[in-house]
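Subject: Structure for you to look at

Hello,

Here is the structure that I said I would pass on. Please open it first, then read the notes below it.

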Amino acid sequence: MAALRAAGRTSLVDSAVEQLREQLAGGEWSVGDRIPTEHELAQQLGVGRNTVREAIRVLVHSGLLESRQGNGTFVRSTADPAAVLRGVRHAGARDVLEVRTALEAEAARLAAERRDTHDLLRLRAALTTLREEGDRDADADLAFHLAVVGATHNAAFIEVYRFFSTQVHEVLVEALGDRAMPPVDIDAHEALVAAVEAGDADAAERQARELLRIPAETVAALLDRESGTSAPDGGARS
């Protein structure tokens with residue numbers, strides 16, 4: 001492997017991340033390859049092992065690398081999602097909510113068609129946690145929606161949703177700040193679970209859309225009030 005450029009003193013982790021991204025995009029390693037050890041990369045980059053460790057952690061989080069305990073770090077993908085991330089982050093709240101609604105509606109439909117006993121138990125457990133933790137608990141709400149998506153048994157769908165849900169949260173927080181949001185509608189979540197349990201794909205899709213409708217309208221009104229326009233540009237956590 002050609003020696004990497006020595007990272008500068010400022011933003012060492014960012015520099016290391018960028019150089020490793022370039023190596024991945026340039027075909028230095030193929031999908032499934034094990035990358036050099038932290039010690040080797042530290043020498044090549046001219047930085048400390050802690051910096052390399054942090055850079056690898058960033059790339060693992062972004063889906064490019066995969067750490068396997070006891071085996072090292074492997075290339076998971078050479079397609080850098082950074083450009084997609086930038087596009088999502090620059091999108092408006094309404095735009096990301098429309099995509100989320102489309103994803104969740106189709107996930108609900110597929111879940112109703114494919115769910116098994118384990119999926120139903122997981123959905124019920126997630127719903128119980130949502131009730132117990134409070135209707136504004138973002139982690140409990142996300143766990144519920146991940147349970148629905150998991151019931152699709154579609155690995156690609158699950159990965160896309162995991163990736164996108166994080167970006168949705170960041171966009172909405174940036175757009176809405178600390179403004180009051182409507183509480184999670186537990187009854188709407190219950191209706192979605194019931195439709196999935198019944199195997200009613202049409203009802204599940206309908207309930208998924210309804211679950212997001214009121215929060216979307218509430219946020220649109222907040223943003224319209226701020227901008228003084230009538231065109232909706234908002235979204236919310238369901």
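Read along the sequence, the elements of the protein chain come in the order α-α-α-β-β-α-α-α-α-α-α-α. That gives 10 helices and two strands; helices (H or I, at least four residues) and strands (E, at least two) are DSSP runs, numbered from the N terminus. This is a predicted model, in which local features need pLDDT of at least 70 and side-chain atom pairs count only at pLDDT 80 or more, while totals for chains, interfaces and linings use all residues. Residues are numbered from 1 along each chain as its sequence is written, and side-chain values use heavy atoms, with hydrogens and water left out.

The whole chain

The protein chain has 238 residues, and 41% of them count as buried. Buried means under 20% relative accessible area, exposed over 50%, and partly exposed in between (1.4 Å probe, protein chains only). The accessible surface comes to about 12,600 Å², with 49% of it belonging to carbon and sulfur atoms; the areas come from the Shrake-Rupley method with a 1.4 Å probe, and for residues only the protein chains shown count as cover. Of the contacts (heavy atoms within 4.5 Å) between residues at least 6 apart in sequence, 68% join residues at least 24 apart.

Helix α7

Helix α7 covers residues 138–150, and its 13 residues should span 18 Å at 1.5 Å a residue. The expected span is 1.5 Å times one less than the number of residues. The end C-alpha atoms of α7 are 18 Å apart, which agrees. Among the buried residues of α7 are F144, H145 and L146.

Helices α6 and α9

Helix α6 (residues 117–133) packs against helix α9 (residues 186–198) at an angle of about 175°, and their axes are 11 Å apart. Axes are lines fitted to C-alpha atoms, for helices over the stretch in contact, and angles run from 0 to 180 degrees between N-to-C directions. The two helices are therefore roughly antiparallel (an angle over 145 degrees). On the α6 side the contact includes L120 and R124, and on the α9 side I186 and E190. By class, seven nonpolar, one polar and four charged residues make up this contact.

Two single residues

A93 lies in helix α5 (residues 93–114) and is buried, at 3% relative accessibility. A93 and V219 are 126 residues apart in sequence, yet 8.8 Å apart in space, C-alpha to C-alpha. H118, in helix α6, is exposed, with a relative accessible area of 55%.

Regards

Key: Parallel < 35°, antiparallel > 145°, perpendicular 65-115°, else oblique. Nonpolar A, V, L, I, M, F, W, Y, C, P; charged D, E, K, R; others polar.
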